[in-house]
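Have a look at the structure first.

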Amino acid sequence: MALAAPALPFTFVVHVLGIALVVLVLVWNIHFRGGLAWESTNKSLIFNIHPVLMLIGLIIIGGEAITSYKALPLKKEVKKLIHLVLHAIAIALGIIGIYCAFKFHNESGIANLYSLHSWLGIGVIVLYCIQWLYGFVTFFFPGGSQSVRQGSLPWHVLFGIIVYVLAVGTATLGFLEKLTFLENSGLTKYGSEAMLVNCTAVITVLFGAFVVLSVLSQGSAGDDDYTAI
């Protein structure tokens, strides 16, 4: 079942919100949080890589990968490759981002995997990898039969939406968790940084909503390789 609306306008909104999110998360972690570093005596700089890569990777690039079928006026085989590569980049950035969170915790003497955000985060990256591997084997190489691909496609789309929505929810929990820690450490609750973090979280939710809307909307004519649910 598809919405009786063209997907293209929704994909334009996705692009605009994605650019806004990149700017906001970089301003937060570079201007307000002091920057990014792989090695530093200030361990918080190591952690700062985590929200930047998770948001740009799993949320923004992952969202662009999902909408690529509806946004790009290309042949389906080309769109399939772009979809696959963008998701691979999203996974790679996500894995590095998660590693930085563990690195920060280990070097700071903080316990790992104690919060709901961290539990969901591990679950999301595992499900994301399973989704990518299944899509690669079934739709790319070696590729399933025509009947297998046709039967798998609706489930692949549905599972992809579920995993993506979980990723967006996990990201918003991460913003809440980090902001709560900062406010408990003295950050002004109505200050500019707190407002920026909350706005980033809200725009993240909007970005995810428009990604889902684009998937549920009508694609271009001949877009038979990626139909709406």
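How do the residues of the lining of the largest cavity divide into nonpolar, polar and charged?

## Before we start

This is a predicted model, in which local features need pLDDT of at least 70 and side-chain atom pairs count only at pLDDT 80 or more, while totals for chains, interfaces and linings use all residues. Residues are numbered from 1 along each chain as its sequence is written, and side-chain values use heavy atoms, with hydrogens and water left out.

## The cavity

The lining of the largest cavity divides into 14 nonpolar, 6 polar and 2 charged residues. Here Ala, Val, Leu, Ile, Met, Phe, Trp, Tyr, Cys and Pro count as nonpolar, Asp, Glu, Lys and Arg as charged, and the others, Gly among them, as polar. A cavity is a set of points, on a 1 Å grid over the protein atoms alone, where a 1.4 Å probe fits but cannot get out; a pocket is an open set with protein on both sides within 12 Å along at least five of seven lines; lining residues have an atom within 4 Å of a point.

The largest cavity has a volume of about 350 Å³, a volume being the space filled by probe spheres set on the points, which are joined across faces, edges and corners. Among its 22 lining residues, H83, H87, Q131, G135 and H156 lie nearest the centre. Two or more lining residues come from each of α3, α4 (76-108), α5 and α6 (146-184); helices are DSSP runs (H or I, at least four residues) numbered from the N terminus.

The largest pocket holds about 790 Å³ of space. Of the 36 residues that line this pocket, F47, H50, A101, H117 and E177 are the closest to its centre. Helix α6 gives the largest share of the lining, 9 residues.

## How α3 packs

Helix α3 (residues 49-71) packs against α5 (residues 116-140) at an angle of about 45 degrees, with axes 13 Å apart. Axes are lines fitted to C-alpha atoms over the stretch in contact, and angles run from 0 to 180 degrees between N-to-C directions. α3 and α5 are therefore oblique to each other. Angles under 35 degrees count as roughly parallel, over 145 as roughly antiparallel, 65 to 115 as roughly perpendicular and the rest as oblique. H50, L58 and G62 in α3 meet H117, V124, I125 and Y128 in α5, where contact means heavy atoms within 4.5 Å.

With α6, the angle is about 150 degrees and the axes of α3 and α6 lie 10 Å apart. This pair is therefore roughly antiparallel.
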